[in-house]
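Me: I would like to go through this structure and ask what stands behind each label. Please set the values against the cut-offs.

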Amino acid sequence: MLSLADSDMSRLLNAGDPDPVEWINATGRSPIFLTCEHAGRAVPTALGDLGVASAEMDRHIAYDVGAEGLARRLAERLDAALILQRYSRLVIDCNRPFEADDCVLKQSDGTLIPANANVSDAQRRGRFVEIHQPLHEAISVALERRQAAGGPLVLVSVHSFTPLMRATGAVRDFELGLLYNRDARFAERLAETFSAANADVTVRLNAPYHVDDVSDYTIPVHGERRGIPHVLIEVRNDLIHDASGQEAWAERLAGPLLLAAQSLEGSSDGR
């Protein structure tokens, strides 16, 4: 684990900067445990505006549009615990390992991030220590407690994706992606239960990308290493950019998530 001593620098976050971690319904009784790593758009005051125009901070490059609202509504519907991350992914991406090139981005979907152009290793480490680590320490402690208590447990990481990549012109013409790496059991169950209730929605496994140890953090570290059934949910962001869309998709997802969790629990070998 890194520390501020390792980074050889003063603290990044100052009084008035938000805490990186926000708990919602921490004592929720659902077996489903929710995370939202790209919920926020906050930037530490010490970093100003990152040199990025305010309109760009409204795009998917800065945060997962609609993911926070969807996650909050799922937590309420499911009585599930939820951990949100408050800082923009342009400060540091809290779903990437420290070693990943895109843990601190110099450009994203055609937009340059001036404050990251010459970020030093010490600055990179400082961002990781003060923003990334507290989030994942909180998730680790919570999951350890739940595993120690026994009972069913499923990790669900909530995200959104853009329908169009500006830099490449790539079009994502489906509505829901269910992502995993080595362990497909919960994603496949959820695809079945969701599609049965939502025949009008196109569901794809491992789209718009594939989870791996370099491109992701929560699923490999907290799901796979602990042996917890898991899925990373990606909803197309034009469907959940407002409250009505978030409510509609929380309603679409809540029942299938519970059914998938129950079917997994009822399987003798977890498969």
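Me: Why is His-38 called buried?

Reply: In this predicted model, His-38 has a relative accessibility of 3%. Buried means under 20%, so His-38 counts as buried. His-38 is found in the loop between β2 and α2.

Me: What makes the pairing of the His-38 and Asp-93 side chains a polar contact?

Reply: The side chains of His-38 and Asp-93 are joined at 2.7 Å, and the cut-off for such a pair of N or O atoms is within 3.5 Å. A second polar contact, of 3.5 Å, joins the side chains of His-38 and His-159.

Me: Which residues is His-38 in contact with, leaving aside its neighbours within four places in sequence?

Reply: His-38 is in contact with Tyr-63, Asp-64, Arg-89, Asp-93, Cys-94, Asn-95 and His-159. Contact here requires heavy atoms within 4.5 Å.

Me: How do you know that β2 is mostly covered?

Reply: Five of the five residues of β2 are buried. Ile-32, Leu-34 and Cys-36 point one way from the strand, while Phe-33 and Thr-35 point the other way.

Me: What makes β2 and β6 a pair of strands?

Reply: Pairing requires at least two bridges, and four bridges join β2 to β6, so the two strands count as paired. They run parallel, and the bridge partner of Ile-32 in β6 is Val-154. β2 also pairs with β3 in the parallel sense, over four bridges, with Phe-33 opposite Ala-81.

Me: Why is β9 described as largely enclosed by the rest of the structure?

Reply: Seven of the seven residues of β9 are buried, so the strand is largely enclosed. His-230, Leu-232, Glu-234 and Arg-236 point one way, and Val-231, Ile-233 and Val-235 point the other way.

Me: Which strands pair with β9, and in which sense?

Reply: β6 pairs with β9 in the parallel sense over seven bridges, and Val-156 has Val-231 as its bridge partner. β7 pairs with β9 in the antiparallel sense over four bridges, where Leu-176 stands opposite Val-235.

Me: Which residues have the most contacts inside the largest nonpolar core?

Reply: The largest nonpolar core has 39 residues, and those with the most contacts inside it are Leu-74, Val-156, Phe-186, Ile-233, Leu-253 and Leu-257. Among the elements that each supply at least two residues are β2, β6, β9 and α2. The largest share, eight residues, comes from α6. Not counting residues up to four places away in sequence, Val-156 touches Ile-32, Phe-33, Leu-34, Thr-35, Phe-186, Val-231, Ile-233 and Leu-257. A second, separate core of 35 residues includes Leu-90, Val-104, Leu-105 and Phe-128.

Me: How do you know that the span of α2 is close to the expected one?

Reply: Helix α2 has twelve residues and reaches 16 Å from its first C-alpha to its last, against 16 Å expected at 1.5 Å a residue. Its buried residues include Leu-70, Leu-74 and Leu-78. Just after α2, Asp-79 takes a positive phi of about 55 degrees.

Me: Where does the kink in α3 lie?

Reply: The kink, of about 40 degrees, lies at Gln-133, shortly before Pro-134. That angle is taken between axes fitted to the seven residues ending there and the seven starting there. Over its 29 residues, α3 reaches 40 Å, close to the 42 Å expected.

Technical notes: Residues numbered from 1 in each chain as written. Predicted model: local features only at pLDDT ≥ 70, side-chain atom pairs only at ≥ 80, totals over all residues. Heavy atoms only, no water. Core = buried A, V, L, I, M, F, W, Y, C linked by side-chain atoms within 4.5 Å. Buried < 20%, exposed > 50% of the residue type's maximum accessible area, 1.4 Å probe, protein only. Expected span 1.5 Å × (residues − 1). Polar contact = N/O pair within 3.5 Å; in protein donor to acceptor, adjacent residues only side chain to side chain.
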